[in-house]
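These are my notebook entries on a single structure.

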Amino acid sequence: MTKKVLITGVNSYVGNQLAEWLNKEPEKYEVVKKSVRNNKWKEIVFSSFDVVVHVAGIAHQDTKADQEDQYYKINTNLTIELATKAKAEGVSQFIFMSSMIVYGASSKIGETKVITKETIPEPVNFYGNSKLLAEEGILPLQTEEFNVVVIRPPMIYGKGSKGNYPLLAKFAKVSPVFPDIENQRSMLYVDNLTEIIRLIIVNEDQGIFFPQNKSYVQTSEMVETIAKVNEKKIKLIKLLNPLLLTLGKKIKIINKVFGSLTYEPSLSFYESNYQLNDLKESIKATEITEMERMV
């Protein structure tokens, strides 16, 4: 039986990657992408879909005070409206792309921050709070006929990704050195993410999910791997560590790059294997794809 899947957001990175992933099996999935930027989405007949995957939203974490209303309007209110409409029109599953950001920022350099099932979300800005409020608004809609899924991914990377990965990749390709700081971060290769979403659809799941790669990532290890894939030489040095430790007390981006933030491994367990690619495999796939795009 073919699953009819509606993905909100025509320009969403995760949405586009998911559509591409599901379209590999056209006999199993019929995928439609729709914009929800204006009220025209209210005209969409949701009853023709089995699943709605809501990935549209404001995702930038460098929040500005004058954008606060927009974050709550789009990330919170729109999500609740979409889920309510989906339930009313007979959709069987609603999947919401939230974020690990609901647990706040990374630890400071040299400290650890491990999220367990007992950890209470504590957003540090209205981006994280808007996501958490959306979760709280849609989870009570769960019934036997309507499954609500919340996914809280850590940093997502892969071909064409935005955010920290392109910055680290650029650095890896041009710099001869990089700080060798011990840290641990949960990260998620985009193919691993799209696979767990596919499995969640197949298994008609409900609840909150915390996907991540099999192993934690050390930032310096990631940069070194990117450099090697691109046949660049880079040396990891500890010379700048004392300076970065000092700067980390004042500059948030330092902790964002070199701080630690992880999910306890058991939190990310799923009955079927979705962690298809490890760090080296995923970076190789990402960088080769990026090089091909530049040719």
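I counted nine helices and twelve strands in the protein; helices (H or I, at least four residues) and strands (E, at least two) are DSSP runs, numbered from the N terminus. I noted that this is a predicted model, in which local features need pLDDT of at least 70 and side-chain atom pairs pLDDT 80 or more, while totals for chains, interfaces and linings use all residues. Residues are numbered from 1 along each chain as its sequence is written, and side-chain values use heavy atoms, without hydrogens and water.

I looked up the overall dimensions next. The C-alpha trace spans about 60 × 40 × 35 Å along its principal axes. I found that buried residues (under 20% relative accessible area, 1.4 Å probe, protein chains only) make up 51% of the 295 residues.

I then turned to one helix pair. Helix 4 (residues 164–174) and helix 6 (residues 219–229) pack at an angle of about 60°, with axes 8 Å apart; axes are lines fitted to C-alpha atoms over the stretch in contact, and angles run from 0 to 180 degrees between N-to-C directions.

Which residues make the contact (heavy atoms within 4.5 Å) between helix 4 and helix 6? I listed Tyr165, Leu168, Ala169, Ala172 and Lys173 of helix 4, and Thr219, Met222, Val223, Ile226 and Ala227 of helix 6. I sorted the residues of this contact into eight nonpolar, one polar and one charged, where Ala, Val, Leu, Ile, Met, Phe, Trp, Tyr, Cys and Pro count as nonpolar, Asp, Glu, Lys and Arg as charged, and the others, Gly among them, as polar.

Note on methods: Contact = heavy atoms within 4.5 Å. Buried < 20%, exposed > 50% of the residue type's maximum accessible area, 1.4 Å probe, protein only.
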